[in-house]
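We will go stop by stop.

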Amino acid sequence: MTTMLEPLRRIAAYAVCADSRGRVLLVRASERSGTPGTWSLPGGAVDHGEDPNHTVVRETAAETGLSVAVSGLADVLADMRALPERGITIHTDRLIYRVAVRGGTLADRVGEHPTDLARWYTLDEARELPLRSFTARALGLPASSADVVPDEVPEFPSFYAVPGPDGLHRAQRFAAYAVCTDPAGRVLLTRVSDGYPGAGCWHLPGGGTDYGEQPGAALIRELVEETGQTGRLVELLGVASHRDAASLGPEGYPIDWHGVRAFYRVVVDQPNPLTVADVGGSTCEARWFAREELGALPTDRLTEVTAEAVQAAQLT
């Protein structure tokens, strides 16, 4: 049974790296890891305030001895795994990047590290390895049983801030947002309620994902809750990483806030009347904007992630 394990969350970034012969770069988990002997993509946890693009470069160098350059975002996914021997269950939001080697020498890690070997494998060879589930999925290989999945999704707060050594609370949160359009080409935005960071600004519909929830499913759920619309997920557009070193919200005290947000293109084929179900929450209004109306909005009327996502979707 795994239901009594302590739940934890983290955000991590990983590299899909192929050489000129079509082999992929994999690393083996050491005895210090929670899954010793399993193989996975190189990568690891995103530090507080760190851009995941930097994480994947840093972690790949540390685990393999190779310097890589990020060429694009391949996927965003989430999974849970139970580590009964440690008394914990971990939900990890994983950002999968395509990378290319720009230098260095492949090297194994000696000592007390979570990984110990780094190797190039063909996909046929990788298929025979005990792969972590997210690695198999990222490489398009059959799902692996190397991870132990908890019996039930544990209860976990949607938001929590941890006091740091300097007395300032810190929070890192993963969220999914929609660049949402209707058949007329209008763009759907929500307005941030008073008392929340970015109050009065227009924002993308969406929000933090729940423990055990895939980002796409979370986004469709949030879209209904915040706007009353049923959407169709079309494609992943990108990931934004923003830090506010002293954010002020309804908690009433400053928080060193780090948000990592995946944004997707979503289509509402049959718009419903706009409704905000979460009365008293962070969203106070939802509205469709024509392209020219959106383009005319001053940048200070948009949240940072909204401006970045709208530009990525080439809507203005």
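This tour of a predicted model visits a pocket, a helix and a glycine.

**Stop 1: the largest pocket.** Select Arg-173, Tyr-177, Tyr-196, Trp-257 and Ser-282. Among the 39 lining residues of the largest pocket, these lie nearest its centre. The space here comes to about 1,100 Å³.

Now colour the lining by residue class.

Next, show the elements around the pocket. Strands β9 (169-181), β10 (187-192), β12 (206-208), β13 (232-247) and β14 (255-267) each give at least two residues to the lining. Helices α4 (215-227) and α6 (304-312) do too.

**Stop 2: helix α1.** Select residues 52-64. This helix has 13 residues and spans 18 Å from first C-alpha to last, close to the 18 Å expected at 1.5 Å a residue.

Which residues of α1 are buried? Highlight Pro-52, Thr-55, Val-56, Glu-59, Thr-60, Glu-63 and Thr-64. They sit on the same side of α1, because they cover an arc of only 120° around the axis.

Check both ends. At the start of α1, a side-chain oxygen of Asp-51 comes within 2.8 Å of the backbone nitrogen of Asn-53. After α1 comes Gly-65, with a positive phi near 80°.

**Stop 3: Gly-238.** Return to strand β13, where you will find Gly-238. Is Gly-238 buried or exposed? Its relative accessible area is 9%, under the 20% cut-off, so Gly-238 is buried.

Finally, draw a C-alpha to C-alpha distance from Gly-238 to Phe-159. The two are 79 residues apart in sequence and 23 Å apart in space.

Note on methods: Residues numbered from 1 in each chain as written. Predicted model: local features only at pLDDT ≥ 70, side-chain atom pairs only at ≥ 80, totals over all residues. Heavy atoms only, no water. 1 Å grid on protein atoms, 1.4 Å probe; cavity = no way out; pocket = protein on both sides within 12 Å on 5 of 7 lines; lining within 4 Å. Points joined across faces, edges and corners; volume = space filled by probe spheres on them. Helix = DSSP H or I, 4+ residues; strand = E, 2+ residues; numbered from the N terminus. Expected span 1.5 Å × (residues − 1). Buried < 20%, exposed > 50% of the residue type's maximum accessible area, 1.4 Å probe, protein only. Arc of directions from axis to C-beta. Polar contact = N/O pair within 3.5 Å; in protein donor to acceptor, adjacent residues only side chain to side chain.
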